[in-house]
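Please open the model in your viewer and keep the selection panel at hand.

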Amino acid sequence: EAAHKATAARLEAIEEVAEAHTARMDVMLADAEAAQKATAARLEAIEEVAEAHAARMDVMEADAEATQKAHAERMDEMAADAEAAKKAHAARIDVMEAAAEPAQNAHAERMD
């Protein structure tokens, strides 16, 4: 009977240890699940920030391309304007020279 009681007491102690162990495992599992959820939430937030950053970079790239294109077009316009002004200036000089030629000839004849 004493051996039976001792065995029963040992079994009860083992049961209590097993229950405590199970409770500790449940707590650890709950902690792990909470940590996993927190990590997933952090990863999702990081992903959202990365997507917003990528979208901002796309907008900035498009703006830069548009600015470069507008600058190149303006440079082309300025070059064309400068070329037209140069031709107009040369034409005015030709006209002035042509207009001055009869006067030069007349002057030369008078000098003779």
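A salt bridge is a side-chain nitrogen of Lys or Arg within 4 Å of a carboxyl oxygen of Asp or Glu. This is a predicted model, in which local features need pLDDT of at least 70 and side-chain atom pairs count only at pLDDT 80 or more, while totals for chains, interfaces and linings use all residues. Residues are numbered from 1 along each chain as its sequence is written, and side-chain values use heavy atoms, with hydrogens and water left out.

Select Glu77 and Arg74 to begin. Their side chains meet in a salt bridge at 3.3 Å, N to O. Both residues lie in helix H1, three residues apart, about one turn of the helix; a helix is a DSSP run (H or I, at least four residues), numbered from the N terminus.

Next, select Glu1 and Lys5, whose side chains form a salt bridge at 3.9 Å, N to O. Are these two residues buried or exposed? Glu1 is exposed, with a relative accessible area of 74%, and Lys5 counts as exposed at 55%. Here buried means under 20% relative accessible area, exposed over 50%, and partly exposed in between (1.4 Å probe, protein chains only). The structure holds two salt bridges.

Now display the whole chain. Its secondary structure comes to one helix and zero strands. The C-alpha atoms fill a box of roughly 160 × 15 × 10 Å, taken along the principal axes. Of the 112 residues, 0% count as buried.

Methods:
Helix = DSSP H or I, 4+ residues; strand = E, 2+ residues; numbered from the N terminus.
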